[in-house]
Amino acid sequence: MTVQGKVIAITGASSGIGEATARHLASLGAAVVLGARRTERLDRLVGEIEAAGGEAVATRVDVTDPDDLHSLVNLGVERFGRLDVLVGNAGISKISPVADLDVEGWSAMVDVNVKGVLHGIAAALPVFRRQGGGHLVTVVSTSGLKIVPTQAVYAGTKNAVRTLLEGLRQESTDGVLRTTSISPGYVRTEFVDNAVDDPAAREQAKRNMAELGIEPSAVARAIAFAIDQPEDVEIGDLTIRPTRQG
Ligand code: NDP
């Protein structure tokens with residue numbers, strides 16, 4: 001089975017990379033199971049996918065709540081009979097120098113970016129093991145590959161997930177689980193709007209993003225490529241960045 005016919009859950013599907021991934025995978029014939037907090041946006045997306053002939057369902061998911069991840073996984077299993085892939089995409093960034101001591105922002109990033117992925121693993125792994133197969137895709141970042149000032153904590157959360165997935169991969173060489181870490185560079189989404197508190201710095205960041213950022217559909221295609229491989233082929237790491245990104 002390639003993308004077509006797979007049941008694929010996506011966290012953070014209400015905007016940006018998650019939304020583009022939902023559209024793309026559905027257009028390739030996957031049944032998509034969408035989670036995020038902004039349910040009105042999810043409902044609209046489900047309507048658009050169905051109108052285009054695809055299959056989609058959605059539920060409210062806050063990835064900081066383990067129960068919500070169980071609900072997402074269960075929704076896929078109940079509606080479509082199984083879950084083949086979980087795309088752990090939900091994420092936030094709070095950009096500031098460590099010396100600013102944004103303790104609240106640090107906690108929020110750890111809760112969403114790290115614990116959110118762990119909650120997804122806790123919900124999906126038993127289902128994958130029961131089925132005898134499954135694929136965990138996480139969206140990390142080039143911020144974890146080239147460490148830059150003001151993004152130390154964000155990069156740390158993304159590299160925690162990268163490390164986690166490699167450990168999980170090594171524990172799962174019985175062929176049941178595939179793991180993939182996707183590292184996007186600058187992607188034109190709402191992400192930067194919420195990342196910077198200072199209004200002037202936010203406008204500057206938005207201008208940079210508009211100039212340099214690539215479309216979220218580029219990341220969606222990379223995720224589809226990883227999912228589309230034969231079951232005995234695992235795409236471990238993929239980096240997708242603007243050609244002009246430093
Ligand atoms: P967006 O801000 O457009 O999307 C973020 C998504 O995460 C939204 O759907 C949001 O949904 C969801 N989300 C945030 N917090 C939670 C939560 N507590 N529970 C559930 N969902 C949550 O940005 P992107 O599409 O760019 O970001 C997607 C991923 O890509 C993130 O992990 C980010 O770190 C990563 N990334 C982005 C890059 C970029 O340049 N844009 C570069 C590298 C990585 P809602 O608010 O409705 O809950």
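## Close-up views of helix packing and the ligand site

**View 1. Packing of helix α3 on helix α4.** In this predicted model, helix α3 (residues 66–80) packs against α4 at an angle of about 40°, and the two axes are 8 Å apart. The crossing formed by α3 and α4 is right-handed. From α3, the residues Pro66, Leu69, His70, Val73 and Val77 meet Gly116, His119, Gly120, Ala122, Ala123, Ala124 and Val127 of α4. The residues of this contact between α3 and α4 comprise 8 nonpolar, 4 polar and no charged.

**View 2. Packing of helix α4 on helix α5.** Helix α4 spans residues 103–131 and helix α5 spans residues 152–171; they pack at an angle of about 20°, with 8 Å between their axes. At this angle, which is under 35 degrees, α4 is therefore roughly parallel to α5. The crossing of α4 past α5 is right-handed. On the α4 side, the contact is made by Trp106, Met109, Val110, Asn113, Val114, Val117, Leu118, Ile121 and Leu125. The α5 side contributes Val153, Tyr154, Thr157, Lys158, Ala160, Val161, Leu164 and Leu168. By class, the residues of the contact of α4 with α5 are 14 nonpolar, 2 polar and 1 charged.

**View 3. Packing of helix α1 on helix α8.** The axes of helix α1 (residues 16–27) and helix α8 (residues 216–227) come within 8 Å of each other and cross at roughly 55°. The orientation of α1 relative to α8 is therefore oblique. As α1 passes α8, the crossing is right-handed. Gly16, Ile17, Ala20, Thr21, His24 and Leu25 represent α1 in the contact, where they meet Pro216, Ser217, Val219, Ala220, Arg221, Ile223, Ala224 and Ile227 of α8. The residues of the contact of α1 with α8 divide into 9 nonpolar, 4 polar and 1 charged.

View 4. An N or O atom in the side chain of Arg37 lies 2.7 Å from an oxygen atom of the ligand. For Asn89, a polar backbone atom is 2.7 Å from an oxygen atom of the ligand. Ser15 places a polar side-chain atom 2.8 Å from an oxygen atom of the ligand.

Notes
Residues numbered from 1 in each chain as written. Predicted model: local features only at pLDDT ≥ 70, side-chain atom pairs only at ≥ 80, totals over all residues. Heavy atoms only, no water. Axes fitted to C-alpha atoms, helices over the stretch in contact; angles between N-to-C directions. Helix = DSSP H or I, 4+ residues; strand = E, 2+ residues; numbered from the N terminus. Parallel < 35°, antiparallel > 145°, perpendicular 65-115°, else oblique. Left-handed = near helix turned anticlockwise from the far one by under 90°. Contact = heavy atoms within 4.5 Å. Nonpolar A, V, L, I, M, F, W, Y, C, P; charged D, E, K, R; others polar. Polar contact = N/O pair within 3.5 Å; in protein donor to acceptor, adjacent residues only side chain to side chain.
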